[in-house]
Amino acid sequence: MNTEPVDRIQKAIVKKTTPLDIVKAYAKMDEVRQRFIDMLGEREASAYIASVIIAVSNSDALQECSPKSVMSSAIRATALRLSVDPLMRQAHLVPFGKTATLIVDYHGLVQLMERTGMYEFINVFNVFPGEIVETERFTGRVSIHGDATTRKGGDEIGWCAYYKTRAGSERMLYMTNEDCDAHGERYSKAYKNPKSGWNTDRPAMRRKTVLRILAQRWGQFSATDAAWLKDDVVNGETPELPDDNVLDNLPAETTVMVDVNKNLSELGYDTPRPATPAPAAVVSPSPSAVHPEPEQPSDVDGFYTQEQIELQLSLT
């Protein structure tokens with residue numbers, strides 16, 4: 001790769017400030033970062049804030065929410081020690097109009113239960129057509145018999161939750177799909193939200209509902225982790241964060257100077273060098289000198305070709 005000095009090629013790029021940029025700017029504020037640092041430490045706080053930005057970048061609706069509500073909900077998730085990274089599926093930032101809210105996922109619910117160290121087994125399974133469910137009135141023990149006519153996901157007729165503590169006690173709960181839906185419609189603030197799991201992944205919400213009710217009735221948790229039991233939406237005291245209007249002076253657009261040479265070099269392209277004229281030589285005229293070939297465009301005459309510049313700009 002060439003290492004000699006080169007002519008610098010710069011390009012001015014005008015970038016409009018997007019809603020995501022506003023959330024990023026809010027997350028970088030010292031007061032906001034410090035709240036995460038106090039709870040997680042410097043290193044983990046940076047990683048957690050990055051996961052919040054990832055979640056927001058994946059949702060146009062979240063980008064329209066107030067930055068304060070986004071970061072407040074993320075702080076609540078931090079208090080529960082749950083990730084809002086969509087890939088982790090522990091907790092989700094869900095938009096309610098212009099306000100972001102925190103909703104604990106089924107996997108986050110299981111993690112909260114396991115974290116107590118009290119449970120040996122935790123399970124939720126679906127019940128299919130053809131299977132007969134019986135619940136013993138005195139003990140609450142659930143028995144299932146009969147042969148299912150299908151075991152295709154989406155065809156289940158109900159859900160059964162079960163846990164066994166390390167002390168040996170067991171609890172079970174069976175709910176039909178209709179039972180789960182009725183409970184969600186009555187108690188969940190997110191039930192009618194088109195962005196909530198009740199409207200995007202109802203089987204997952206039914207699975208979480210039966211486990212949450214089982215844990216709410218008989219489970220044991222710390223006071224900090226008990227907030228998620230009351231509703232899908234985790235509410236609480238609003239953390240002391242700056243108001244959204246502190247970003248009112250954010251410019252509508254910014255100009256960024258792009259160094260074409262440096263960026264192309266980092267991508268592995270040869271850095272062009274100014275052409276060095278060859279020493280003059282006295283030669284006899286040749287046919288090619290009398291009728292020279294058309295000059296071919298070069299990408300090593302001290303400048304990049306238009307194709308290279310467009311490639312670099314597309315990656316900026």
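Strands β5 and β6 form a hairpin with six residues between them. In its turn, Gly140 has a positive phi of about 75°. β5 covers residues 132-135 and β6 covers residues 142-145; the two run antiparallel and are joined by four bridges. Strands count as paired if DSSP finds at least two bridges between them. Within this pair, Glu134 stands opposite Ser143 of β6.

The model is predicted, so local features need pLDDT of at least 70 and side-chain atom pairs count only at pLDDT 80 or more, while totals for chains, interfaces and linings use all residues. Residues are numbered from 1 along each chain as its sequence is written, and side-chain values use heavy atoms, with hydrogens and water left out.

The protein chain as a whole has 12 helices and 10 strands. These are DSSP runs numbered from the N terminus: helices are H or I with at least four residues, strands are E with at least two. Of its 316 residues, 38% count as buried. Buried means under 20% relative accessible area, exposed over 50%, and partly exposed in between (1.4 Å probe, protein chains only).

Next comes the inside. In soluble globular proteins, nonpolar side chains tend to be buried together. A nonpolar core is a set of buried Ala, Val, Leu, Ile, Met, Phe, Trp, Tyr and Cys residues joined through side-chain atoms within 4.5 Å. The largest one here has 32 residues, and Phe36, Val52, Val70, Met71, Val84 and Leu93 touch the most other members. At least two residues each come from α1 (19-27), α2 (30-40), α3 (42-57), α5 (67-79), β2 (91-96) and β3 (99-104). Helix α3 gives the largest share, seven residues. Apart from this core lies another, of 18 residues, including Trp159 and Leu214.

Helix α1 has Leu20, Val23, Tyr26 and Ala27 as its buried residues. They lie on the same side of α1, because they cover an arc of only 120° around the axis. That arc is taken from the directions from the helix axis to the C-beta atoms. The cover over these residues includes α2, α3, α4 (60-63) and α5.

Thr101 has its place in strand β3. Is Thr101 buried or exposed? Its relative accessibility is 13%, so Thr101 counts as buried.

Technical notes:
Contact = heavy atoms within 4.5 Å.
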